[in-house]
Amino acid sequence: MTEKILARASGRPHVRPGDEVEARPDFVISYDFPGYTDVFFREARELGVERVQDPKRFVLFIDHMVPAATPKEEELHRGTRAWGADQGVPVHERKGIGHQVSAELGYATPGAFVVHFDGHVSQLGAFGTYAFGARKGVLEAYVSETMAIRVPPTVKIVLTGTLRPGVMARDVFHHLVRVMGPASCAFKAVELAGPVIDAMSIEGRQTICGQAMFLGANTMLIAPDARTLEWLQGRAQLDLAPVHPDADAVYERVVTVDVSALEPIVVVPPSPANTRDLSEHVGLEVHAGYLGSCASGRLEDLRAAAEVLRGRQIKPGFQLHVVPTSQAIMAQAAREGLIATLVEAGAFISSPTCDYCYGRIATMADGQRAVSTGTLNTPGRMGSVDSEIYLCNAAVVAASAIEGRIADPRPYLGAA
Amino acid sequence: MALPHLRGRVAWVFDEDDFDIDLIIGVRNIKITDLDELARLAMGDREPGFAATVQRGDLLVGGRNFGYGHPHYPAMRAMRHLGIAGVVAESFSPGFFRGEISMGFPLVTCPGILGLAARGDVLEVEWAAAEVRHPASSRALPLQPLADSERQTLEAGGLLPYLKARRSRAQGVHS
C-alpha cells in the first residue's frame, strides 16, 4: 500500500523500499504550536515564499492551549488565524483534537499522502492514508510542493484470534510493543490486517494506528474496507481510488500476533516501552485519571467508561478528567446520555482540547499518580517530574476512579 | 560541501535502550529557551557539573532506539551549546533522527558502538569510508549511510539553509 501511495504522490509508475523520492503531499496538516507553526510561517517568508502552493492542501487546527490561559497563547492563535486567512488556508478551532477532526473532515482520504509535524497523525492510516510525522522537516512542505522522503519497507502485522471482553484497542497496541519491541518497526511502514482488525471499529483502528511511533514506525495503515468507506461517505476531501495491498505484495516481514489470550494491560512509567499485565499492578493507589487524547477519548472509550461508572461514584478526592476527542464525539456522547452518566458519577468533563495530555491543565503535584489514556507516560508529562503516569484503556481509568487504586474494569462491565 | 568532520571525545555514554532524551535537561525544564541555562541544566539529574567536562567537538554515544518517546528539541540544543558535535548510537528513534537532522545536527547510526567506545575515548567518523573509528584500539565499525536528502541537509547545516540553497539554485536555473 505504501509503495502504491508514494508512487502516485511522486509521479512514478512504481517505487521500492529504499528509493528516495520527491513526493507531493496531498495534505499538509498542522496544529499551531510555538516553535513549529509560528517558525514555519516565519522561515517560509525568510525563504521568499510569500504564499503556500495550492492552499487547499493545507489545514491548520487550534487544539493545544484551548482555551488560552495567557495572552501569549492567544497571541499565537491570533497569528495562526491571520496567517490562515491571508493564505486561504482553513483554520479549524475548538472542533476537537486535529488528528480526529482531520478524519471527520475527510483529510483521511484512502490512498492519500499526508504530512504533519506530529507523528500521531499516523492515525489517519486507519482509513488507508499514508500519514507521516516529519517534525521540523515539514517546513519543506511549506516552502516547496514536494518533500524528499525515502520509501520505507513495510512490516505486515496480522492480528488473529478474538478479543476478550474488557480488552480494547489500546491494549492491543501496547501488547504489540511488548511482543515486538519499541524499535521493532523503526523507519518502516506497518500494515495492519487480520480478523481482529476486520472486526474492529474505526475508532479502535484510529487508536492503534495513532501510536505507531512507539513501535518506531513511520506510520501504520489499514486497507480500507466496507466499514471505512461507509464512515467516509460524504467526507473525503479528494477523489482518489482507494489503495489496497496486492495479493502478492512483498513485505520485509510478516508478524502474526494472536490476541485471544490478551488481558488488559498497563504501561508503567517512565516509558511507553513498558507494557505490563494490568493484574500485576491492580491495587496501586492512584489520585487522578485522564480519559481523552487523540489516542483514546472516542465514543467507544466513553461508552466503556460510562458502563463502568453507571450508577456508581468515583472515590471522593479522586480527580477524573474526561475529555471527548472532538465536538462531534462530545455531542453524540450527550445524545447517548453518556455525559450525564459520567457527570453523575463525579467526572469532570471538559470540551475537546489536547491540554490534559501534556499537563498544561489538571497538572499533577509531586508524588501523585495517574491512570491515563493519554499518549505518553514520561515523567513530567502531566505535571511534576515526581508524578507518575500509568497508561491504560478507558475502562481501566473508570474502574480505577471508583476504587482510587488501579482496578480491573471487567467486574464492573455489564454488571450495572 | 562536505559533511561535518567529527572527531572528538565521548562526553557521555547512554547505554540504555529507548533512552528518552527529554531526561537530559528534565521534562520540567523543557520550556526554557535560554541556551546558557539549558546547557547548565544538562545532565543535572545524572552528573551535576557535566557541563564543565565537555570540550568543543565532543560526541555522545547512545544505545538502541536512542530518542524514543516524544523527543523535544531543547536537550540537543543544550548539548550543541556545550560543544557536542554529534551523536553516535546503536540506532535512533525515527522521530528524533528526522528532527535533529533538520536542525543540522549529525547523528551517526553505528551498530556495535556501545561495545567499542567508553566515556573519554576518542571517536572519529569517516563519512567517506562509512565507518566510525576508535583510534586507541585501531578498531572501526561500519556506519549506516544517510539518505541523499539527509546528507545534503547536514552538509548545508540544517533544513533551513538546505532549502535556501535549493531555492536559490532553482531560481538561478529559471532566470
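How many residues does the contact take from chain A and from chain B? The contact takes 33 residues from chain A and 27 residues from chain B. This is a predicted model, in which local features need pLDDT of at least 70, side-chain atom pairs count only at pLDDT 80 or more, and totals for chains, interfaces and linings use all residues. Residues are numbered from 1 along each chain as its sequence is written, while chains are lettered from A and ligands numbered from 1 in the order in which they are written.

**View 1. The side of chain A that touches chain B.** Two residues are in contact if their C-beta atoms, placed from the backbone, lie within 7 Å. α5 (139-143) and β7 (147-150) of chain A are the elements that give two or more residues to this side. Helices (H or I, at least four residues) and strands (E, at least two) are DSSP runs, numbered from the N terminus. α5(A) gives the most, with three residues.

**View 2. The two domains of chain A.** Domain 1 covers 2-233 + 248-258, and domain 2 covers 265-403; the bounds come from an automatic or database domain assignment. The C-alpha centres of domain 1 and domain 2 of chain A lie 24 Å apart. Their contact takes 29 residues from domain 1 and 27 residues from domain 2.

**View 3. The side of domain 1 of chain A that touches domain 2 of chain A.** α4 (98-104), α6 (169-180) and α8 (202-210) of chain A each supply at least two residues of this side. α6(A) gives the most, with six residues.
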